[in-house]
Structure formats: structure tokens, C-alpha cells
Amino acid sequence: MKFELKGIEQALKNIAAVGQSVSDEDLQQDALAALEPVAKDAQSLAPVDEGDLRNSIEPRILEDGTVGVVIGDWKGHFFEFGTVNMRAQPMLGPAWHENEDAVIQSFGGRVGARIEGAV
């Protein structure tokens, strides 16, 4: 009995090409773009006095390499979660829930296009 496997070389080339097209940096950029609607909705929900809180909300690459939408203003967590003396005025939670499916679709579409473009 003879066994022959064809196409291995091309399959290995395709796998290597996919690995190059979905680098950490590329995935981070895709995630930043996919999270933009969350940031925009969170900004629209932010209470505005001088605008510092609203303007500090943005998608960002964090120190550990993960990507998220952050409130850069020091008082952001007080508004998001409230205090014993102030009711919460959440921004990120509602913005995420409103856009979760769109973020997943956008990120998946971007990564899928990178993979398809590589092979």
C-alpha cells in the first residue's frame, strides 16, 4: 500500500503567510478600530463640565499589550461606578453592551480579511 500526500509545501507556506499577516501589532490595530464605536458612545454618555472626562475616553493599547477603551481622566471611575455620595453615571458599560456584536463582527471581519489576503 502506497500513501501519498500532496500540497504540504503550499499548506506550510499558507500557514506561514497567515502568521505574518496577523501579527500582534496588526491585531492591536484591528482591535483599536473595532472599539472606536464603543469609545464614541461612551463619550456621548459622559457628563460634561469642561469636557476633560469626555475627551479622555479612547481605545488604547495597554501596558500588557491588550486593547481596551479607557477613561484617562482621574475621576472617570467615580462617574462610572458612583460613590457613597454620588450615583453612578456609567459610560463604558452601556457603550460596550450597545456595541458588543458590532465590535465582534468588525474585529472578526478585519482579521478574516487579513487571513484571506495572506493565502
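**View 1. Strands β1 and β2 pair in an antiparallel arrangement.** In this predicted model, strand β1 (residues 57-61) is joined to strand β2 (residues 67-71) by five bridges. Two positions illustrate the pairing: E58 has V70 in β2 as its bridge partner, and R60 stands opposite G68, also in β2.

**View 2. A hairpin links β1 and β2.** Five residues lie between the two strands of the hairpin. Within this hairpin, G65 adopts a positive phi near 95°. Strand β2 itself is mostly covered, as four of its five residues are buried.

**View 3. Helix α5 is bent at N99.** The helix spans residues 92-118, and its bend at N99 amounts to about 60°. N99 is also one of the buried residues of α5, together with A95, V103 and V111. The buried residues of this helix pack against helix α2 (24-45).

**View 4. A nonpolar patch lies on the surface.** The patch is formed by F3, L5, I8, L12 and I15. Together, these residues have about 570 Å² of accessible area. Is I15 buried or exposed? I15 has a relative accessible area of 59%; because a residue counts as exposed when this value is over 50%, I15 is classed as exposed.

Notes: Residues are numbered from 1 along each chain as its sequence is written. This is a predicted model: local features need pLDDT of at least 70, side-chain atom pairs count only at pLDDT 80 or more; totals for chains, interfaces and linings use all residues. Side-chain values use heavy atoms; hydrogens and water are left out. Two strands pair if DSSP finds at least two bridges between them. Patches are made of residues with over 30% relative accessible area and no salt bridge: like charges are joined within 9 Å, nonpolar side chains (Val, Leu, Ile, Met, Phe, Trp, Tyr) within 5 Å. Accessible areas come from the Shrake-Rupley method with a 1.4 Å probe; for residues, only the protein chains shown count as cover. A salt bridge is a side-chain nitrogen of Lys or Arg within 4 Å of a carboxyl oxygen of Asp or Glu. Buried means under 20% relative accessible area, exposed over 50%, partly exposed in between (1.4 Å probe, protein chains only). The bend at a residue is the angle between axes fitted to the seven residues ending there and the seven starting there. Contact means heavy atoms within 4.5 Å.
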